[in-house]
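Visitor: I have a model open and would like to go through the terms used to describe it. Could you take me through them one at a time?

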Amino acid sequence: MLLEYYDGDNLSTKINVDYPNNKVSIKNYTDDLISRAFGVNTHPTIKDYEEFLESRCFPRTRDKAKLLLRDMGLDCYDPYLICKKTEGRMAEDNMWIKFIE
């Protein structure tokens, strides 16, 4: 699976996720640590990747989370599916994820 992480219109990080082999590889396109998907971490794990996706979602404990999920057409809190629906966009920044797959 291939994802691209952007800061506005600028590609920051390409993320290649290989679940069968339990590997994540990345290529950073910026020296700005804030704009990189994994900051200073240049060798993220699957766990790091999953935490990254969850960081691009509303909190699991958010009030009325079930209503948000229902509005998205989701039955459960799944950071991958939420990010696919929202492109990982957050109100606080200009970062977003493009799912290439």
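This is a predicted model: local features need pLDDT of at least 70, side-chain atom pairs count only at pLDDT 80 or more; totals for chains, interfaces and linings use all residues.

Visitor: What makes S2 and S3 a pair?

Guide: Two strands (DSSP runs of E, at least two residues, numbered from the N terminus) pair if DSSP finds at least two bridges between them; S2 and S3 have 6 bridges, in the antiparallel sense, and therefore meet that definition. In their hairpin, with 4 residues between the strands, Asn22 has a positive phi near 55 degrees.

Visitor: How do you know that S1 and S2 pair?

Guide: S1 and S2 run antiparallel and are joined by 6 bridges, and Tyr5 has Thr13 in S2 as its bridge partner. Their hairpin has 2 residues between the strands, and Gly8 in the turn shows a positive phi of about 65 degrees.

Visitor: Why is a set of residues called a nonpolar core?

Guide: The name applies because its members are buried (under 20% relative accessible area, 1.4 Å probe, protein chains only) Ala, Val, Leu, Ile, Met, Phe, Trp, Tyr and Cys residues joined through side-chain atoms within 4.5 Å. The largest one here has 24 residues, and Leu3, Tyr49 and Phe52 are among those with the most contacts inside it.

Terms used
Residues are numbered from 1 along each chain as its sequence is written. Side-chain values use heavy atoms; hydrogens and water are left out. Buried means under 20% relative accessible area, exposed over 50%, partly exposed in between (1.4 Å probe, protein chains only).
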